[in-house]
Amino acid sequence: MYLNANNISFSYRKNKPILKNISISIPDNKVIGLMGDSGSGKSTLCKVISGYLNNYTGTITIDNELIDKTGYCPAQLIFQHPEKTMNPKWKMHKVLSESWNPPQELKDTFGLKEGWMNRWPSELSGGELQRFSILRALNPNTKFIIADEISTMLDTVTQVQIWDSLIDYCKKNKIGILAVSHDKELLEVIADNIVLFNDINKL
Amino acid sequence: MSEELLSVKNVSISFTQYVQGLNQHELKVISDLSLDVKKGEVVAILGSSGSGKSLLAHAILGILPENGTCEGDICYKNEVLTQQKKEAIRGKEICLIPQSVNFLDPLMKVKEQAIGDVKGEEREEALRKQREIFSKYGLAEEVDDLYPFELSGGMARKVLLSTALLSNPELVVADEPTPGLDEKSVKETIMDIKNLKEEGKGVLLITHDINVALEIADRIAIFYSGFVIEINKTENFADTGKLLHPYTKSLIEALPRNGFKLTEGVQPLEEVPGCVYYDNCPIKSDFCKENRPNLIKCGDAMIRCHNYDKEVK
């Protein structure tokens, strides 16, 4: 199974395109690394693929079928700043159950402590919140994970823990990953192929 | 050898919070932080983001929020800093390079806030000095009359840096100077800090970026769960065998270029009676569970671990 994005173009303002004729293909058993400069439009591409921005031109297909623009998007985006993606007035168990209720062993693999469930998002650190937002995105309907700089602000030990459990789970469950980062060393370790953003963006 | 500029001894910082009505609750953010900065030296504090490192910078300058209390001693040139003294020398001998543009006044032109509130003849002099420093850091004359929202990230960083250096301080506290900058600006910032060191100033660099710390610091202090657990020379970080604390070792081994090695475990949720790294430590003993280690000298380095404490062994 492949996620194919064909000839994607997008602009926030008229006559000022930010993505032009981008084509990228993500297989369901691989980690594709996407590298590029700050401000080049990587995050915009992520948002387009995962259904946050809809007025693009081009097609996005999974298994040769167009993605439904309404409902649950099978390509789920994980953001750089987890604290901005959670309702501050919900406790962590509610944040997680908004998407699904993962089995206990999965919580253990991602290192989610039972004691965290009754805390507010403001009472956990960035690394702890990021574990929640990753597990939240791994809903059974998810076929692809778009990881937009998910470990940039974490210390190196937490970075390894998060990537290790995410890649392990995705390989077992046939979930493809698009890993976006500007850290070349990191992508060389985690990704099967690395794509340079400037090569595919035909501006 | 070289003169000691700043020394921080057993500093702890806590906040008073209200929980349910008028019940107050003490939240400890920094439990025990000790380090020192000498003249012409860059000392980095390395810890994960959101762990409260910036509070140390604010404590040194005496700008903690009202509900925050700081215990322990902060000494500048072997004199204990009281709140009055902090207010007297901050902005003159000790300067802060703040974390983000949010620390600039959005309604004031850049040059006005750089020189501060001076009038008459002094103003001319201050403006001349400000122009000189701004040119030194590559800020064109147009920048003087811009408002903070008109600056790009890299320019804002330079404005903050040159404003801090305007009074020619002896100690510079740089709070996360690199995140959000592209590679070129990061390199420039690194060069700027190196130059400060050449000029004989002391720099306390607070960062979570291990690569930046490795590049410019002379010594690195590792901050974990409210404690400084190790202070070691930067050259020792090239070889994990020379590092002392198991957490420091795993931090370096987890770098992508060093093998991306997995270490289990997270920082403890509640305050623990013994060693903060007890749950994850590979070389622990029962003694560590109940007894908190102190920061002790071990060769050139400082370490907080019972395994290096001869009295315990």
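1. Let's start in chain B, where strand 3 (residues 42-46) and strand 8 run parallel to one another and pair over 5 bridges. Within that pairing, B:Leu46 has B:Thr207 of strand 8 as its bridge partner. Please keep in mind as you read that this is a predicted model.

2. Strand 8 of chain B has another parallel partner in strand 7 (residues 171-175), again with 5 bridges. Here B:Leu171 sits opposite B:Gly202 of strand 8.

3. How many residues of strand 8 of chain B are buried? The count is 6 of the 6 residues in 202-207, so the strand is largely enclosed by the rest of the structure. In a regular strand the side chains alternate between the two faces of the sheet. In strand 8, B:Gly202, B:Leu204 and B:Ile206 point one way, while B:Val203, B:Leu205 and B:Thr207 point the other way, and all are buried.

4. The largest nonpolar core is worth a look on your screen: it holds 133 residues. Those with the most contacts inside this core are A:Ala179 from chain A, together with B:Ala44, B:Val173, B:Leu205, B:Ala221 and B:Val228 from chain B. To see how one of them is placed, take B:Val173: setting aside neighbours within four places in sequence, B:Val173 is in contact with B:Ala57, B:Ile60, B:Ile94, B:Leu96, B:Ile97 and B:Leu204.

5. Now to helix 4 of chain B, which has 16 residues. From its first C-alpha to its last, helix 4 reaches 23 Å, close to the 22 Å expected at 1.5 Å a residue. After helix 4 comes B:Gly138, whose phi is positive, near 70 degrees.

6. Is B:Ala126 buried or partly exposed? This residue lies in helix 4 (residues 121-136) of chain B. B:Ala126 has 18 C-beta neighbours inside 10 Å, and therefore counts as partly exposed; 20 or more would be needed for a buried residue. Not counting residues up to four places away in sequence, B:Ala126 touches B:Ile115 and B:Val118. B:Val101, 25 residues from B:Ala126 in sequence, is 22 Å from it in space, C-alpha to C-alpha.

7. Chain A comprises 7 helices and 9 strands. Its radius of gyration is 17 Å, close to the 17 Å that the globule rule gives for 203 residues, so chain A is as compact as a globular protein of that length. The C-alpha trace of chain A spans about 50 × 35 × 30 Å along its principal axes. Of its 203 residues, 41% count as buried. Among contacts in chain A between residues at least 6 apart in sequence, 76% join residues at least 24 apart.

8. Chain A also has an open sheet of 4 strands in the order 2-1-4-5, with antiparallel pairing. Strand 2 (16-27) and strand 5 (65-66) stand at the edges, each with a single partner strand, so one side of each is left without a neighbour in the sheet. Strand 1 (residues 2-13) pairs with strand 2 in the antiparallel sense over 8 bridges, and A:Tyr2 has A:Pro27 of strand 2 as its bridge partner.

9. Finally, the interface: 18 residues of chain B are in contact with 23 residues of chain A. On the chain B side, the residues that touch chain A divide into 9 nonpolar, 6 polar and 3 charged.

Terms used:
Residues are numbered from 1 along each chain as its sequence is written. Chains are lettered from A and ligands numbered from 1 in the order in which they are written. This is a predicted model: local features need pLDDT of at least 70, side-chain atom pairs count only at pLDDT 80 or more; totals for chains, interfaces and linings use all residues. A nonpolar core is a set of buried Ala, Val, Leu, Ile, Met, Phe, Trp, Tyr and Cys residues joined through C-beta atoms within 7 Å. A residue is buried if 20 or more other C-beta atoms lie within 10 Å of its own, exposed if 12 or fewer, and partly exposed in between; C-beta atoms are placed from the backbone. Two residues are in contact if their C-beta atoms, placed from the backbone, lie within 7 Å. Helices (H or I, at least four residues) and strands (E, at least two) are DSSP runs, numbered from the N terminus. Ala, Val, Leu, Ile, Met, Phe, Trp, Tyr, Cys and Pro count as nonpolar, Asp, Glu, Lys and Arg as charged, and the others, Gly among them, as polar. The radius of gyration is taken over C-alpha atoms; the globule rule is 2.2 Å times the number of residues to the power 0.38. The expected span of a helix is 1.5 Å times one less than its number of residues. Two strands pair if DSSP finds at least two bridges between them.
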